[in-house]
Amino acid sequence: MEDENTATEESKRREENGNADSLLTARITKKLRSLPPLPSQCCIYRVPDTLRRVNEEAFVPRILSIGPIHHGKESLQDMEGHKWQYLKSLLQRKPGVMVENYVKAMRKLEARARGCYAESINCNSDEFVEMMILDGCFIIELFLKNKNKQLRGEGDPIFSRTMVLTDLHRDLILLENQLPFFVLETLFNLIENTDQEGPSTSVLELTYVFFKFLGLQEVLIRDSQPDVKHLLDLLRLWFIPSSPTKSIRSKSRFELIRSVKELHEAGVKFKKGTVSCLMEIKFINGVLEIPPLTIEDTTDSLLGNLIAFEQCCNRCTPRYITDYVILMEYLINSPKDVALLSRYGIIKNLLGDNEGVSHLFKKLGKEVVFNSDKFQFSNLCYEANDYHKSRWHVWRATLRRDYFYNPWAIISFIGAVLLLFFTLIQTVCSVLSLKK
């Protein structure tokens, strides 16, 4: 009897477990089915927490929200009114293009545009389409007014206030503040920019003019049609070399470059580069040539967001900006390194404090992942370090620094050598005379 009860209880337990397993299986299956597919065109991301914790201010908009990530934030509402005013002025100049045309065009692009964002968007269809029209037209109108002063009304709320324009330059390059580039191009094509704005132009050209102060490469914009994801991606394409460079490490052991001060003490000469591409750094015959870099208040935000984009996007290979910042972080190890680079015209320090520049690159390189096997400056680091290790180069640099730093020092050195020579001759003569 006892065995029968035990068997019955075991049977009930198995049945209960079976029901529980079925329920859990159904729940897991339901969750899996409800998951949206991973977007294949994903290119706009939220900045990883590891980078955000280092310098959160570099990734957060000050006055302008573009796209869904910061949409509706209370601190950014003042600019919303300016967006509507810019949309109104754009529509008034183009009465032939009805608002309905913009709505229909953006409605067709909605699914594709949503797929560009790495996270789900909490906007219904109408809200998302309205946001694309408002934000996209604001950017286009801003760029048009920047290029053509005649389009600006008297007392324009943006162009009459330098601080506002400076903040807009900064906010438009934030990774979390992007619109897909095809949205801008579609809206721009609807506007049919011909008569009133002057000669025919493009979004690429307007973007170049707006951000030209950053020292972008002078490329033939109208002939260049790269696969652009958004404004930040376009800036990256203009900063990196036009043709991919091969960086094959000639030695098995990877090593990063010595600091500017250490290289300088070993006799390495520094030269201001003549090309506008920041990545064109060369080491030839003991001369390290580095293109000029202006350090200002927005530099950390610009480089930080470019790095964040490369860290998030697998298609950003090679990671030129990341590798550039890592190289500069090791070159600039102290304020003395900044002072040396400033002396040679390589760094233009608008921060006014060499310590601040040194700290900036340390901060930019913190928590950043880079691939030593694909590091773009591997050979340069090896060659510069190899030069630094040579005793002859160190002795020659020491001699030049300690004894040949001015004409009087050279004369003194020659005098000392002659005195030593004559003393030696006199000693030899004395010894010979004693032997006689």
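Asn 285 sits in the loop between strand S2 (282-284) and strand S3 (287-290). In this predicted model, Asn 285 takes a positive phi of about 50 degrees, even though the residue is not a glycine. With 75% relative accessibility, above the 50% cut-off, Asn 285 counts as exposed. Glu 367 does something along those lines too: its phi is near 65 degrees, again a positive value in a residue other than glycine. Glu 367 belongs to the loop between helix H14 (354-365) and helix H15 (378-389). Its relative accessible area comes to 47%, so Glu 367 is partly exposed.

The bond running from Thr 317 to Pro 318 is cis, and its omega is near -5 degrees. Pro 318 is placed in the loop between helix H11 (299-312) and H12.

Now for helix H12 itself, which covers residues 320-331. H12 has 12 residues and spans 16 Å from its first C-alpha to its last, close to the 16 Å expected at 1.5 Å a residue. The helix is mostly covered, with 11 of its 12 residues buried. Among those buried residues are Tyr 320, Ile 321, Tyr 324, Val 325, Ile 326, Leu 327 and Met 328, but the list also includes Thr 322, Asp 323 and Glu 329.

On to the rings: the structure holds nine aromatic pairs. In one of them, Tyr 208 and Trp 238 have ring centres 5.4 Å apart and planes at 85 degrees, so the pair is edge-to-face. This pair links distant parts of the chain, with Tyr 208 in helix H8 (residues 203-210) and Trp 238 in helix H9 (residues 231-239), 30 residues apart. Both partners fall under the 20% cut-off for burial, Tyr 208 with a relative accessible area of 8% and Trp 238 with 5%.

Phe 270 and Tyr 344 make another pair, with ring centres 6.0 Å apart and planes at 35 degrees, so this one is tilted. Phe 270 lies in strand S1 (residues 269-272), while Tyr 344 is in the loop between helix H13 (335-343) and strand S5 (347-349), so the pair ties together parts that are 74 residues apart in sequence. Phe 270 counts as buried at 6% relative accessibility, whereas Tyr 344, at 29%, counts as partly exposed. Elsewhere, ring pairs join Phe 143, Phe 210 and Phe 211 into a cluster.

Arg 114 has its charged end over the ring of Phe 128, at 4.6 Å from the ring centre. Lys 145 likewise puts its charged end over a ring, that of Tyr 86, with 3.9 Å to the centre.

Last comes the surface. Leu 24, Ile 28 and Leu 32 make up a nonpolar surface patch of about 280 Å². Of these residues, Leu 24 is found in helix H1 (residues 2-34).

Conventions: Residues are numbered from 1 along each chain as its sequence is written. This is a predicted model: local features need pLDDT of at least 70, side-chain atom pairs count only at pLDDT 80 or more; totals for chains, interfaces and linings use all residues. Side-chain values use heavy atoms; hydrogens and water are left out. Patches are made of residues with over 30% relative accessible area and no salt bridge: like charges are joined within 9 Å, nonpolar side chains (Val, Leu, Ile, Met, Phe, Trp, Tyr) within 5 Å. Accessible areas come from the Shrake-Rupley method with a 1.4 Å probe; for residues, only the protein chains shown count as cover. A salt bridge is a side-chain nitrogen of Lys or Arg within 4 Å of a carboxyl oxygen of Asp or Glu. Helices (H or I, at least four residues) and strands (E, at least two) are DSSP runs, numbered from the N terminus. The expected span of a helix is 1.5 Å times one less than its number of residues. Buried means under 20% relative accessible area, exposed over 50%, partly exposed in between (1.4 Å probe, protein chains only). Rings of Phe, Tyr and Trp (its six-membered ring) pair if their centres lie within 6.5 Å; planes under 30 degrees apart count as stacked, over 60 as edge-to-face and the rest as tilted. A charge sits over a ring if NZ of Lys or CZ of Arg is within 6 Å of the ring centre and within 35 degrees of the ring normal.
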